[in-house]
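The sequence and structure come before the details.

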Amino acid sequence: MRIALRVALLTAAFAVATMVLGWWSVAAVGLLWGAIAGPERQPVRTAAASAALGWMVLLAITALQGPVLRVADRVGGVLGVPWPVVVVITLAFGGVVGGVGAWVGRVAGSGKREG
């Protein structure tokens, strides 16, 4: 499977899981991906990028339905940061959760300790 198709499918899996089950499902999808992906596929990087992209898709869809940037601006005001920082932090959080899940799945699936 080519990397672009793999990333697209994994991105969709992260987005759908988040919509259906909530943000914590990102770790579960990452865990599963880390366990089943081959060692040459860099599952942690792929999962982190795909999770962030999945959340970017969800933010874009939500932006079409409501005032996402206005909410980000207000949250940024509370945190003392501009709204783009809130968006970046949101996407980074999804990427980190997905990447850590994949790392745990890879370690558990290989039976080796990494560190």
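## Basis of the description

Helices (H or I, at least four residues) and strands (E, at least two) are DSSP runs, numbered from the N terminus. The model is a predicted one, in which local features need pLDDT of at least 70 and side-chain atom pairs count only at pLDDT 80 or more, while totals for chains, interfaces and linings use all residues. Residues are numbered from 1 along each chain as its sequence is written, and side-chain values use heavy atoms, with hydrogens and water left out.

V16 lies in helix α1 and is partly exposed, because its relative accessible area is 44%; buried means under 20% relative accessible area, exposed over 50%, and partly exposed in between (1.4 Å probe, protein chains only). Together with M19, V20, L21, W23, W24 and F93, V16 forms a nonpolar patch on the surface with about 780 Å² of accessible area, and helix α1 (residues 3–21) gives the most to this patch, with four residues.

Such patches are made of residues with over 30% relative accessible area and no salt bridge, like charges being joined within 9 Å and nonpolar side chains (Val, Leu, Ile, Met, Phe, Trp, Tyr) within 5 Å. A salt bridge is a side-chain nitrogen of Lys or Arg within 4 Å of a carboxyl oxygen of Asp or Glu. Accessible areas come from the Shrake-Rupley method with a 1.4 Å probe, and for residues only the protein chains shown count as cover.

Leaving aside neighbours within four places in sequence, L10 is in contact (heavy atoms within 4.5 Å) with V29, W33, T46, A47 and S50.

## Helix α5

Helix α5 (residues 83–110) has 28 residues and reaches 41 Å from its first C-alpha to its last, close to the 40 Å expected at 1.5 Å a residue, where the expected span is 1.5 Å times one less than the number of residues. Its buried residues, including V86, L91, G94 and G95, pack against α1, α2 (25–36), α3 (43–65) and α4 (68–79).

V107 is found in helix α5 and counts as buried because its relative accessibility is 17%. V107 and L31 are 76 residues apart in sequence and 9.6 Å apart in space, C-alpha to C-alpha.
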